[in-house]
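This report describes selected contacts in the structure shown below.

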Amino acid sequence: MKDIYGLSNSELIRDLGSRFKAYRIYCRLTQSDVAEQSGVSVPTIRNFENGRTTNVSLKVLLPLMRAVGQLEQIEQLFPELPENPKDVFFKKPTPRRVRHGK
């Protein structure tokens, strides 16, 4: 596993595009098939896969993930935090926001 913290955002997006292409091919889908299923244009898919797009929104990424059957991986971005045993014992409510003193 590579050190992803050493990569720039653009490098990470290029890597995602390359991985997406591998999944698309594994699923035996053409770029046109994915475009039809996802509503994302073929040029956008082509640019993403070839690393020419260095800014991909979630509005584009989520339908692409859905098209190759990987939408459940979105859960891995921010997995639910485990419950803190102290909070269970003392029954503290989970904070809903952070306030800084004036």
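In this predicted model, Arg19 is partly exposed, with a relative accessible area of 47%. That value falls between the limits of 20% for buried and 50% for exposed, so the intermediate class applies. Arg19 forms a salt bridge with Asp15, and the closest N and O atoms of the pair are 3.1 Å apart. Both residues belong to helix 1, which spans residues 9-26. Because Arg19 and Asp15 are four residues apart in that helix, about one helical turn separates them.

The count of salt bridges in the model comes to two. The other pair named here is formed by the side chains of Glu49 and Arg24, with an N to O distance of 2.5 Å. Glu49 lies in helix 3 (residues 42-49) and Arg24 in helix 1, so this pair ties together parts that are 25 residues apart in sequence. The two salt bridges are set out below.

| Salt bridge | N to O distance |
|---|---|
| Arg19 and Asp15 | 3.1 Å |
| Glu49 and Arg24 | 2.5 Å |

The cut-off behind both assignments is a relative accessible area under 20%.

Which residues surround Arg24, apart from its neighbours within four places in sequence? Arg24 is in contact with Leu29, Thr30, Gln31, Val34, Glu49 and Val68. Glu49 in this list is the salt-bridge partner already described. Another of these contacts, Val34, is in helix 2 and takes part in the meeting of that helix with helix 4.

The contact between them involves Val34, Gln37 and Ser38 on the side of helix 2, which meet Pro63, Leu64 and Ala67 in helix 4. Of the residues in this contact, four are nonpolar, two are polar and none is charged.

Notes
Residues are numbered from 1 along each chain as its sequence is written. This is a predicted model: local features need pLDDT of at least 70, side-chain atom pairs count only at pLDDT 80 or more; totals for chains, interfaces and linings use all residues. Side-chain values use heavy atoms; hydrogens and water are left out. Contact means heavy atoms within 4.5 Å. Helices (H or I, at least four residues) and strands (E, at least two) are DSSP runs, numbered from the N terminus. Ala, Val, Leu, Ile, Met, Phe, Trp, Tyr, Cys and Pro count as nonpolar, Asp, Glu, Lys and Arg as charged, and the others, Gly among them, as polar. A salt bridge is a side-chain nitrogen of Lys or Arg within 4 Å of a carboxyl oxygen of Asp or Glu. Buried means under 20% relative accessible area, exposed over 50%, partly exposed in between (1.4 Å probe, protein chains only).
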